[in-house]
Amino acid sequence: MSMGKVVTRIRLTNHPDLDTLEAGRIPAAAVRTVELDALVDTGATELAIPREAAVRLGLRRARAARRRDGSQKTCLTTAGMAPSGARRTMIAIERRGLLVLGSALGAGLLTGCASVRAPAARDQHGAQAEDVFPPEDLMREHGVLRRLLLVYEESARRLAAPAEAAPTATVSAAAALIKKFVEDYHEKLEEDHLFPRFRKAGKLVDLVTVLAQQHEAGRRLTRTIQQVATSGAVGPGRPELVTALHAFIRMYRPHAAREDTVLFPALRSVVTPQEFDLLGDQFEDQEHALFGPAGFENVVAEVAKLEESLGIHDLAVVTPA
Ligand SMILES: [Fe+2]
Ligand SMILES: [Fe+2]
């Protein structure tokens with residue numbers, strides 16, 4: 001007899017689809033099912049399945065729950081489920097692409113009490129990765145942008161005062177970070193995942209048009225800022241750099257504020273709950289691919305260094321007496 005893992009083929013079925021089939025409202029081919037290889041564990045009360053399988057089964061978010069170890073899971077349920085608790089098919093979604101099927105699984109859906117679990121993502125300090133929803137993720141990134149605008153603002157003030165040393169190294173570094181984090185990552189997410197969905201739904205189309213135009217204008221300004229700052233703005237380029245910094249600040253404050261208060265809150269109205277969940281993971285995967293597992297924290301640390309180089313890092317100094 002061999003020891004080790006026992007894997008079995010299982011089939012998961014959308015239970016409400018079976019009811020609809022029984023009622024003669026859909027053909028058998030329309031019942032959503034997926035087949036998976038599952039690891040058998042006789043003590044298992046939960047089942048983790050790939051996120052794509054949950055999407056194919058038509059599962060949607062039901063509630064968030066906390067595990068005994070403190071980690072968070074998000075319970076999903078089949079769409080169109082009857083409100084009666086007796087037939088509940090609960091699925092819990094974990095960050096990083098695994099779903100956990102709760103113990104309230106309908107009898108007959110799954111035989112063999114199988115379990116396929118994998119550890120949730122952990123960050124560099126070993127802490128459990130937390131669930132961050134797409135709007136919150138994008139708003140945090142706006143926080144980074146706002147701090148970079150403060151760096152630009154202080155730099156512009158010094159550049160406009162001829163007696164002050166031109167902080168060209170700080171401006172160059174801030175522009176490089178804006179290009180890397182804001183333009184090539186954050187705005188790319190908006191352009192690839194948000195703007196097309198609003199356009200397709202015919203919602204906030206005028207706003208999206210202006211926002212997209214502003215991304216392009218921002219990129220042009222960043223190119224100018226980088227060119228002038230690296231070619232020595234101490235001389236004749238100084239006023240040009242001040243003008244470009246002011247134009248950037250003037251555009252991005254209302255840009256980010258409008259996205260935070262109008263566009264992001266409307267995101268749920270143009271995506272399905274499943275798409276909303278998937279977006280969070282796509283954002284996170286993209287962030288990790290570009291900036292590593294602690295990407296956001298590293299970017300925040302970079303911004304803090306720029307603030308320090310200008311002496312604007314101490315938050316307490318702006319508190320009125
Ligand atoms: Fe934007
Ligand atoms: Fe944005």
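**One glutamate and the helices**

A: Glutamate 216 is exposed, because 11 other C-beta atoms lie within 10 Å of its own; a residue counts as exposed with 12 or fewer such atoms, as buried with 20 or more and as partly exposed in between, the C-beta atoms being placed from the backbone. This is a predicted model, in which local features need pLDDT of at least 70 and side-chain atom pairs count only at pLDDT 80 or more, while totals for chains, interfaces and linings use all residues. Residues are numbered from 1 along each chain as its sequence is written, and chains are lettered from A and ligands numbered from 1 in the order in which they are written.

Glutamate 216 sits in helix 5, where helices (H or I, at least four residues) and strands (E, at least two) are DSSP runs numbered from the N terminus. Its C-alpha atom is 9.9 Å from that of glutamate 187, which lies 29 residues away along the chain.

Helix 5 (205–230) is also among the elements that give two or more residues to the largest nonpolar core, together with helix 3 (134–160), helix 4 (168–201), helix 6 (238–263) and helix 8 (295–310). Such a core is a set of buried Ala, Val, Leu, Ile, Met, Phe, Trp, Tyr and Cys residues joined through C-beta atoms within 7 Å. This one has 28 residues, and Ala174, Ile225, Leu241 and Leu245 have the most contacts inside it; its largest share, seven residues, comes from helix 6. A second, separate core of eight residues includes Leu138, Phe198, Leu211 and Leu263.
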